[in-house]
Amino acid sequence: MEVRSDGVPVRCDKIPAPVIPRTRLQVWFIRVCSSILLWTCLVQLVAVGELWHPHFFNNITNRISQIAMVPRAIQSPPPLLPARKYKSNGFLRVSCNGGLNQMRAAICDMVTIARLLNLTLVVPELDKTSFWADPSNFEDIFDVRHFIDSLRDEVRIVRRLPKRFNRKHGHKPLQMPPVSWSNETYYLQQILPLFKKHRVLHFNKTDARLANNWIALDLQKLRCRVNFQALKFTPQIETLGYKLVRILQEKGPFVALHLRYEMDMLAFSGCTRGCSEKEAEELKQMRYAYIWWRDKEIDSEMRRSQGLCPLTPEEASTVLQALGFDRNTQIYIAAGEIYGSERRLAGLRAAFPRIIKKEMLLAPEELQQFQNHSSQMAALDFMVSVASNTFIPTYDGNMAKLVEGHRRCVITFSTLVYAIKMGQTPNYISCRFLGFKRTVLLDRRKLVELLDMQQNGTLSWDEFTVSVQSVHEKRMGQPSRRRVIADRPKEEDYFYANPQECLCERTSCDDLISPGNSTAIG
């Protein structure tokens, strides 16, 4: 009991305790912890559910993908990693050659080489002189600030050479193309000594300049890190790409068909199946116009029989039907201008009325900024292809291989939570195995044989269908080891199509390639 000043006793237990307000930091901390816990439980549930009821959880996983694909423009930038401190041996300047995805792989290789040799890398220059004549610079396609910052703990990257190394100051860098498919020994013993003399080297060709195999594990993982994390498209490209994906997903599951029946591919490969004599001559003249396309006289039918030609739109239509896709399948054409335009797509549209191109989903003003910028258009197709339920390339070019590799990269719940915390898109964070997304890798050599037999009546439709499905039963993007062919790197499996070193937590991935996982399609 206490006594007030007027002598009236007061019970202590009736005096209300003071209310201590929660600080803003405490409220924020509670919200963050609750969000992480909720996401962890949800993704764990989906991961376990996929093991028992994969079809039941398809819609849930699709929704998680959509949530994860929030445009970068509205996300907070992640904290900077501490910069790696090292004495630079010189500056590496690179001029990439080829289309978007050939240049993408080359950039990954050049970063890795710069790391190996302790160099300072100048932001790569993109090809402006190829068939596509795209004037885009690196920063027009990729987020250059993110590229530099996300790799600062591995490699020092600068936007341009210091002035003292410019030609205006009398400095002439050594220009050279490194030897294709080279290993670490080549770069350490033959390239590194050149920096001591010249200080700046300019690699004027960058395609396939690093071997697929027998590279140190930490360097292989760095190649993946550049590919999946550092090379982010610009906010403008990502925002429009995410919009395309969202529109398609709202209409239901979709197939991304990389229909590589385009003028440059037909001219380069010499494939004229389905073309008129006038068109075949036009393609031949183009081949002669570009001196760096070495083969000029090409037997089209021989190349086709060897499986070296892209499928025609008509052949693609027949194969899709044989694989079991019905006429209600939503198909996104991931390609530029089809040679012969709508005339050549008529058969495909008749079989699959829900054929869609990006020009049908976006307003003209939305695509205006990308007109005459083929690499930026290709970036949109790349994003849609990676996100598709099924990806089917009709030719195994650079885009097909890079998309295949991205579709092998599916994240675990821990990387999803980390991505949300760091404000980054999960697909660019890690390559930890959970399940592979279906990618149909067409056996064109076998398909050409079957297509001709079906067309001339040797095979009935039912026999043709059974044969096509049998041929591709184990060509759906299942876990597998890269095929290594000593002294023939062009013929072995491409690193970026199957970066197996980056697909598991441990250095050995044998458990992923066991018989039990051979049919685990995501």
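Welcome to this protein chain, which holds 20 helices and twelve strands (DSSP runs numbered from the N terminus, with helices being H or I of at least four residues and strands E of at least two). This is a predicted model, in which local features need pLDDT of at least 70 and side-chain atom pairs count only at pLDDT 80 or more, while totals for chains, interfaces and linings use all residues. Residues are numbered from 1 along each chain as its sequence is written, and side-chain values use heavy atoms, with hydrogens and water left out.

**The chain overall**
- Of the 522 residues, 49% are buried, meaning under 20% relative accessible area with a 1.4 Å probe, protein chains only.
- Among contacts (heavy atoms within 4.5 Å) with a separation of 6 or more, 75% are between residues 24 or more positions apart.

**The nonpolar cores**
- A nonpolar core is a set of buried Ala, Val, Leu, Ile, Met, Phe, Trp, Tyr and Cys residues joined through side-chain atoms within 4.5 Å.
- The largest one has 81 residues, and those touching the most other members are Ile-107, Val-111, Phe-138, Phe-147, Ile-191, Phe-203 and Val-226.
- Helix 3 (residues 100-116) is the top contributor to this core, supplying ten residues.
- Leaving out residues up to four places away in sequence, Phe-138 touches Ile-107, Val-123, Pro-124, Leu-126, Val-144, Phe-147 and Leu-231.
- A second, separate core has 40 residues, including Cys-309, Leu-323, Ile-333 and Ala-335.

**Enclosed space**
- A cavity is a set of points, on a 1 Å grid over the protein atoms alone, where a 1.4 Å probe fits but cannot get out.
- There are four cavities of 30 Å³ or more, with points joined across faces, edges and corners and volume taken as the space filled by probe spheres set on them.
- The largest cavity contains about 70 Å³ of space.
- Its lining residues (those with an atom within 4 Å of a point) include Tyr-261, Arg-273, Arg-304, Cys-309, Glu-315 and Val-448.
- That lining comprises seven nonpolar, two polar and three charged residues; here Ala, Val, Leu, Ile, Met, Phe, Trp, Tyr, Cys and Pro count as nonpolar, Asp, Glu, Lys and Arg as charged, and the others, Gly among them, as polar.

**A look at Ser-95**
- Ser-95 sits in the loop between strand 3 (91-94) and helix 3.
- With a relative accessible area of 16%, Ser-95 is buried.
- Setting aside neighbours within four places in sequence, Ser-95 is in contact with Glu-125, His-202, Phe-203, Asn-204, Lys-205 and Thr-206.

Notes. Buried means under 20% relative accessible area, exposed over 50%, partly exposed in between (1.4 Å probe, protein chains only). On a 1 Å grid over the protein atoms alone, a cavity is a set of points where a 1.4 Å probe fits but cannot get out, and a pocket is an open set with protein on both sides within 12 Å along at least five of seven lines; lining residues have an atom within 4 Å of a point.
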